[in-house]
Every structure is written in C-alpha cells, then in structure tokens.
Amino acid sequence: MAALPAPTPVTEWPDYAVDPNGGDVMTTDLNALYDKGDLCWMLVSTALCWQITPAIGFLYAGMHRRKAALTMIFQSLFCACAVGIQFWVYGYSLYQSHTTGPFIGDLSKAGLHNTLGYPSLANSDIPDILYACFGFTFVTATAMILAGAMLERGRLWPSMLFLLCWTTFVYYVLAYAEWNPSGWLYNLGVYDFAGSGPVHIASGFSALAWAVMLGPRVDPHKESHHPKFPHFKPHNPFLVGLGTIFIWFGWFAFNGASTANLTIRSVYIVCNTNLAACGGGIVWVLLEYSFTRKFSIIGFCSGIISGLVGITPACGFVPIQTAALVGGLTSCASFFTVKYKYLLRVDEGLDIFAIHGVGGFVGDILTGFFAAPYVPAMDGVSNTYEGGWWAKNWKQMGYQLAAATTCAAWSFVISIILLFVINKIPGCHIRATEDDELKGLDYKYFSDAEGDVMMMTGFGAVTPGLTPSGAVSGSDSHHDVPVATEKRD
C-alpha cells in the first residue's frame, strides 16, 4: 500500500456550510492557523475551571449541618458527570450552533458532531472543539451553584431530574441569547463578559424558586438560631474556607479565559477579578463587624464570592481602578439581602439568591455604569464597544437592566413550572419526608454514612456515649465534661 502524503497545512478556512469541521485531518493540518499559546492557555484554564464544581460542593457541604453534607459532595460529582454527558449529547449544540435563529440553537452539533477544527463562534483564534471543552465547565458549575437550594430537605432523584431539565430550558436558552452571535441579547448589545445572566442571575433566582417550592425546613424542637425562619449553624467552616480558596483560584481561569485567546486583555481581566474578590471580602467583613463586633469565616467567604460574582460580567469591560469598587458594592448588596432575607419568609439557607442572584443583578448594572471603550480594545481587535455611563453611552444601562430582568424572570418562572410538573409525577415528589429530613439525607441515601450508630436530634447524627469533647463516656478519661444544654449543631 502506498503511503499517504503528509497533511498539508490549512491556509484558509472553508465555508462552514461546505465543511463544518474545517477540513479532512487525513490530508489537512488543521493546527496551522492556531497559535499554540492560545491553545495552551485555554486548555489549562479548562482544567482550572473544572475544579470549581467540586469546590462549590466543599463550600456547600461545610455550610450544611453534618447530617446532609455528603449529599452536597455527591451532587457536585453528579453535576460534573451527568450534566457533562448532557452537554455532549445536545447542550453545546443548543447554544453554539452556527445555523440558528434568535432564541435557541438546533441539534446540528449534537454529540459534538461537526465540532472539530473550525474556528469557534466565541473567538476565531481557537477551534470549536476547544471552546466546547471550556464551555463544559460553565454549565456544570452553574448547575452546582443551583443544587445547594435543595438544602437538607430536597429528595435526591427528583433534584437530579430538575437540574437536567433546568440546564435544558433555562441555562442553554439564556446562554444562547447572550453568547451566540445570533442571540437576541447579544445583538441588542448587552455586556456580559463571563456569564452573569446565564450563570449567576439564573442560578440565584432559580434557587429562590426551588426554596419556595420546597418550603422551610422542619424545626420541631425550636432549635433555630433565628426566631423568624430556620437558621442553623454550619457544621464545618474549614470546608467553607477551603472551597472558597479553590473557587477563587478557578475564577481566574473562569473569567480570564473567557476571551477565548491569550492577550493583554486576558491579563487585565485576571487583575480585575482578583481586586473585586479582595474588595468584596473586605466590605463584607467590615459590615459584619459593625453589626456584631465579631468576624466570621462564613461571612468573609461570602464577601469574596460576592465580589467574584459582581465582577464576572464586568471584568472584560471596566477599568482596573473600579474593580475593587464593583466587588465591594456587590458584596454590600448581597450582605444586606442576607441580613434582611427573613422578610421574604423563604428558607434559602445557603444564600444563593443573595450572593448569585442579587450579586449578579448588581454586577450587570455596574457593568453598564463603569464600562470603558478602551478595555475591550486591549485584545487588539475589539475597538467598537461604546462603553457605559462613564463613557456617556447612556443607553447601555437600559440594555443591562433588560438583560438582567429577563434572565431573572425567565429563570424564576421556568423553575417554578419545572418543579411543579416534576412534583406531580408519581414517585417524584420533590420534598423529603419529615423523618428523613430530621434523620439526615446522608443516612437516607448513602452507604458511607451507615457505619455511624445514631441518635436523633434536631441537628443530625450523634454517636451515643460521646461527650461534647469527643471522649466516650465510661472510658478512662481523667476529665468529667458536663453536657452542654445550649443549642447544638
């Protein structure tokens, strides 16, 4: 058999309708027109972004009571796996199809068919398959942000079904509208650099809807730390801090690589991201101390994440001198939403609505206010943006309000509908029984928790014979430790 000649380097891309893959890899070198630095940056950033999903699992697990912490770790792995399979089967096609209308994509890229070397819609500097790899991490992280709303009383199987339905009818619809060049919000001129609408506003307002549909947690022994709504002490602030560290680290790639190449603008975005996190954390701590005269790891982490949420739509548009201010203002809005959330009478105990929903909404508005034309131009190409109010582009604030309101309303209403329908399916009622809730979801679903001998308390499993110090009663301990009578988580 005669040997085939070496592939010929591609010199220009064929028309997409002729060859959506960009060429035949047996005869054409599809790498020739791509910069290896861009490819490396995007691939490494994809790996860093992926760890945000399990990091959110750590964060949420630490904020739960012990009896339901494993459920959040499980959900993070579920989102990474099942939502990832869904993304491959049809998700990527729904929001990155080339042949589509203004509202939703088609199935021309289902199973990542025709997704290879042709330039991506996000940026012609990287191939379609690489942007698909990067986009996978966005949807899994978004689903995991929302997953925390099942907080200690949502049944696991219906919750997983809801997450898959939610990504289909909420996430991909909004992602198409804002990120596909054919999307109606994209063409309106909305600034949302790395996903405030499809990611944070959508998950935050959907979490509120989920909490409304589930109802408040039961508290038969009146052990709540707040008199007006269920509020229980997180069982492990260390896990919360660890999860926040990983989230902060991954967010550099989450935002920085949303340029879909490597330029000065990418570096600028990473700087903006870091400064906003710093500003958010400091503002939350100062506000908390002014009210309580104490610091809190949970509060500090909430402020950092609020700052990251606020800068997400803005990082590629606003000047660096405003980044910490964006993070601080977003953190301030989220802090007071948390402080007065009892007025809503909704048990949304992980503050997903306050941090991601309200924080994302505020971030969108601040983007319209502070955006400057010269920041996008740092990539060497995007010099057509008009900026926001600071640049006297008055209409931009209207676009930002329209986009934020649309994302909030769509996600809330569609989530209510999906949860209502799922709850009516036989065997899919969304709320756990009172016994399972009091015992703990971990002991309902996971064999990992079955080794503990349990006693029922309002706050989960306690091993009989253990004193508050951890010593076993009747042992050779030299100390008699009195049993605390105050509320115990």
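Reply: Happy to! In the unreviewed UniProt entry, the annotation "domain: Ammonium transporter AmtB-like" covers residues 41-445. Please keep in mind that this is a predicted model. The span 41-445 is 64% helix and 0% strand, and its end C-alpha atoms lie 40 Å apart.

The domain assignment divides the chain into domain 1, residues 1-31, and domain 2, residues 36-444. Between the C-alpha centres of domain 1 and domain 2 there are 38 Å. At the contact, domain 1 contributes 11 residues and domain 2 contributes 9 residues.

Now for the area. Domain 1 and domain 2 bury about 870 Å² between them, and 60% of that is on carbon and sulfur atoms. On the domain 1 side, three residues stand out: Trp-13, Tyr-16 and Asn-21 supply 63% of the area that domain 1 buries against domain 2, more than any other three residues. The side of domain 1 that touches domain 2 is made up of 6 nonpolar, 3 polar and 2 charged residues.

What about specific pairings across the interface? The rule finds 0 salt bridges between domain 1 and domain 2. Polar contacts do turn up, though: 6 residue pairs bridge the interface of domain 1 and domain 2 in this way, with both partners at pLDDT 80 or more.

Methods:
Residues are numbered from 1 along each chain as its sequence is written. This is a predicted model: local features need pLDDT of at least 70, side-chain atom pairs count only at pLDDT 80 or more; totals for chains, interfaces and linings use all residues. Side-chain values use heavy atoms; hydrogens and water are left out. Domain bounds come from an automatic or database domain assignment. Contact means heavy atoms within 4.5 Å. Buried area is the accessible area (1.4 Å probe) that two parts lose on being put together, summed over both. A salt bridge is a side-chain nitrogen of Lys or Arg within 4 Å of a carboxyl oxygen of Asp or Glu. A polar contact is a pair of N or O atoms within 3.5 Å; within protein, one must be able to donate a hydrogen and the other to accept it, and residues adjacent in sequence count only if both atoms are side-chain atoms. Ala, Val, Leu, Ile, Met, Phe, Trp, Tyr, Cys and Pro count as nonpolar, Asp, Glu, Lys and Arg as charged, and the others, Gly among them, as polar. UniProt positions are given in the numbering used here, feature names are shortened, and annotations may be inferred rather than shown by experiment. Helices (H or I, at least four residues) and strands (E, at least two) are DSSP runs, numbered from the N terminus.
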